[in-house]
Number of protein chains: 2
Amino acid sequence: MFGQIDHIGVAVEDLDDALDLYRDALGMRQQHRERLESQGVEAALVGVGDGHVELLEPLSPESNVGRFLARRGPGLHHVAYRTADIESAIGAVRAAGLDMIDEQPRGGVQGSRVAFVHPRATGGVLTELVEPAH
Amino acid sequence: MFGQIDHIGVAVEDLDDALDLYRDALGMRQQHRERLESQGVEAALVGVGDGHVELLEPLSPESNVGRFLARRGPGLHHVAYRTADIESAIGAVRAAGLDMIDEQPRGGVQGSRVAFVHPRATGGVLTELVEPAH
């Protein structure tokens, strides 16, 4: 169903500070930066191998990532697995009895299509399915 | 410095239930299961692409993962980046001014050598460096 770990998502207080850490201290290459109003975040991607780290700064305290930061502080927010066919992956997850947050794909960064599995279905791990742009 | 995301670590209450989820519902292949007394966990690896998910059930409430579960509940515990030379990676991380939990590598699952960066140095993300067994 899944090809590989596509990325981890990290909730950060300040995107520029986080880029200093991942790019300058950990030596990853910055790939992309995008404001995603629909998800309430400004996101930056830093590459590591064929995957990446998605750094997420909330646009408001009421956004999902804003509430995550208030509740748990900065840190690991989600994991995303890559799939070539997100409709099939959603179907397989639902057929296994797991609840989706998104039963239909929505737009992610860099033109990808994404859907989140409900964390209560996956042992508290917020799990994203991502089909990269072709 | 890093080749790719090697794995994510997930804290779980019950390893068999977690294997039912990752193997049977999400379709990942079980690769390995090992009791690591030195880290206070029983670990199971399920493969996804060239990486894996490391499921961690604590051997006692006083272990690191046991305390994590008591404090935050089950969920994402750490991320690990693969390196071909862990001594060099530790040196580079320290040279960038980041604190290590392990200044010398120690034994991880499947004969790997691992070292953790202190999460206060990495924005709350517990970050592991891993050199796989050759």
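A salt bridge here is a side-chain nitrogen of Lys or Arg within 4 Å of a carboxyl oxygen of Asp or Glu. Keep that rule in mind as you work through these exercises on a predicted model.

**Exercise 1. Find out how many salt bridges cross the interface of chain A and chain B, and what else is found there.**

Step 1. Apply the rule across the interface of chain A and chain B: the count is 0 salt bridges.

Step 2. Now turn to polar contacts. Between chain A and chain B there are 3 residue pairs of this kind, with both residues at pLDDT 80 or more.

Step 3. Look at which elements of chain A take part. With 6 residues, E5(A) gives the most.

Step 4. Sort the residues on this side of chain A by kind: 21 are nonpolar, 12 are polar and 1 is charged.

Step 5. Finish with the size. The size of an interface is often given as the accessible area lost when the parts come together. For chain A and chain B, the buried area is about 2,600 Å², and carbon and sulfur atoms give 72% of it. The contact draws 34 residues from chain A and 34 residues from chain B.

**Exercise 2. Work out how chain A is superposed on chain B.**

Step 1. Two copies of a chain are related by a rotation about an axis and a shift along it.

Step 2. Here the rotation is 180° and the shift along the axis is 0.0 Å, which superposes chain A on chain B with an RMSD of 0.0 Å. The two copies are therefore related as by a two-fold rotation axis.

Step 3. Check the surfaces: 100% of the contact residues of chain A recur in chain B, so the same surface serves both copies.

Step 4. To place the axis, find A:Leu76. Among the residues of chain A, its C-alpha comes closest to the rotation axis, at 3.3 Å.

**Exercise 3. Trace the sheet of chain A and say which strands lie at its edges.**

Step 1. Strands of a sheet pair through backbone hydrogen bonds, either parallel or antiparallel.

Step 2. Read off the order. Chain A has an open sheet of 8 strands, E2-E3-E4-E1-E5-E8-E7-E6, and the pairing is mixed.

Step 3. Look for strands that pair on one side only: these edge strands are E2 and strand E6 (106-107) of chain A.

Step 4. Follow two of the pairings. Strand E2 (residues 29-36) and strand E3 (residues 41-48) of chain A run antiparallel, joined by 7 bridges, and A:His32 stands opposite A:Leu45. The hairpin of E2(A) and E3(A) has 4 residues between the strands, and A:Gly40 takes a positive phi near 70° there. Strand E7 (residues 113-117) and strand E8 (residues 127-131) of chain A also run antiparallel, with 5 bridges; A:Val114 has A:Val130 as its bridge partner.

Step 5. For a parallel pairing, go to chain B. Strand E5 (residues 75-82) and strand E8 (residues 127-131) of chain B run parallel and are joined by 4 bridges. In this pairing B:Arg82 stands opposite B:Val130.

**Exercise 4. Describe the surroundings of B:Glu42.**

Step 1. Locate B:Glu42 in strand E3 (residues 41-48) of chain B.

Step 2. List some of its neighbours, leaving out residues up to four places away in sequence. B:Glu42 touches several residues, including B:Leu15, B:Arg33, B:Arg35 and B:Leu56.

Step 3. The side chains of B:Glu42 and B:Arg33 make a polar contact at 2.8 Å. B:Leu56 is 14 residues from B:Glu42 along the chain, and their C-alpha atoms are separated by 5.9 Å.

Methods:
Residues are numbered from 1 along each chain as its sequence is written. Chains are lettered from A and ligands numbered from 1 in the order in which they are written. Side-chain values use heavy atoms; hydrogens and water are left out. Contact means heavy atoms within 4.5 Å. Buried area is the accessible area (1.4 Å probe) that two parts lose on being put together, summed over both. A polar contact is a pair of N or O atoms within 3.5 Å; within protein, one must be able to donate a hydrogen and the other to accept it, and residues adjacent in sequence count only if both atoms are side-chain atoms. Helices (H or I, at least four residues) and strands (E, at least two) are DSSP runs, numbered from the N terminus. Ala, Val, Leu, Ile, Met, Phe, Trp, Tyr, Cys and Pro count as nonpolar, Asp, Glu, Lys and Arg as charged, and the others, Gly among them, as polar. Copies are superposed by least squares on the C-alpha atoms of residues with pLDDT of at least 70 in both. Two strands pair if DSSP finds at least two bridges between them.
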